[in-house]
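Student: Could you take me through the features of this fold, giving the general idea before each case?

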Amino acid sequence: MTKETTRDDAKDGATQSAVETAYHRIRHLILTGEMRSGDKLLENQLAAAIGVSRTPIREALNRLSAEGLVVLERYRRGIVADFSLDDAIEIFRLRAILEGHATSRAATRISEADLQRLQELERLMETQFEELGWNEHLEGFDRLNAEFHAVIAAAAESPRLEKILASSLELPASIFNRYSEPVEVRTRRTHAQHREILAALKARNPEWAQAAMNAHLFSLLPSASGSLEHEDGAK
């Protein structure tokens, strides 16, 4: 291997690392609601904030556009995508179907270590909820909840399904600010549903596990009759 080849490989590796850094950082800003629907994604500002050049930012925005989180307008200018009521309904339905299937597969494949991790994650979520209250615990809850679902998806031992769930079926956290149902009510129900999902997995019962995950996600499904506040009426 020549020195030039080694340098080229190192350069390619550094570029790919910068793309991954930019992708994950921008995606996090969108999903946590730090960047909201309609916000402009200016390459030079993002590059300065993240500490990479504009080329990785451009590639990251292309990936996020393919996932539906970013809209690329004329001259490749990006904005954060808007999610309507219909978008939210479709995404929750797809997640319920796919995660239900993943949980059914996981019931006969999940390890004891993963079951213990799920139990610990739910314990942490409930502890934070009781100690901090529904409002202050949300940031920690989002992280722990994402890991809870990711552990189950990985335990399904279907890399294709895991990749779809990890990259294409997420909504910005800000969408939940438009629910008419109180966050505290929804969160308490979520904890109870997580415990049932865990019980079904411990029982190694695929049908129960799938039904429990379906019920969990379908309970979050906004109804066309107004489970989400309309934009002009949201506070």
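Student: How do the strands of the sheet pair, parallel or antiparallel?

Tutor: Strands of a sheet pair through backbone hydrogen bonds, either parallel or antiparallel. Here 3 strands form an open sheet in the order 1-3-2, and the pairing is antiparallel; strands are DSSP runs (E, at least two residues; helices are H or I, at least four), numbered from the N terminus, and two strands pair if DSSP finds at least two bridges between them. Strand 1 (40–41) and strand 2 (70–72) are the edge strands, each pairing on one side only. Strand 2 pairs with strand 3 (residues 78–80) over 3 bridges, and L72 has G78 in strand 3 as its bridge partner. This is a predicted model, in which local features need pLDDT of at least 70 and side-chain atom pairs count only at pLDDT 80 or more, whereas totals for chains, interfaces and linings use all residues. Residues are numbered from 1 along each chain as its sequence is written, and side-chain values use heavy atoms, with hydrogens and water left out.

Student: At what angle do helix 2 and helix 3 pack?

Tutor: Two packed helices are described by the angle between their axes and the distance between the axes. Helix 2 (residues 43–50) and helix 3 pack at about 110°, with axes 9 Å apart; axes are lines fitted to C-alpha atoms, for helices over the stretch in contact, and angles run from 0 to 180 degrees between N-to-C directions. The two helices are therefore roughly perpendicular (65 to 115 degrees; under 35 is roughly parallel, over 145 roughly antiparallel, the rest oblique).
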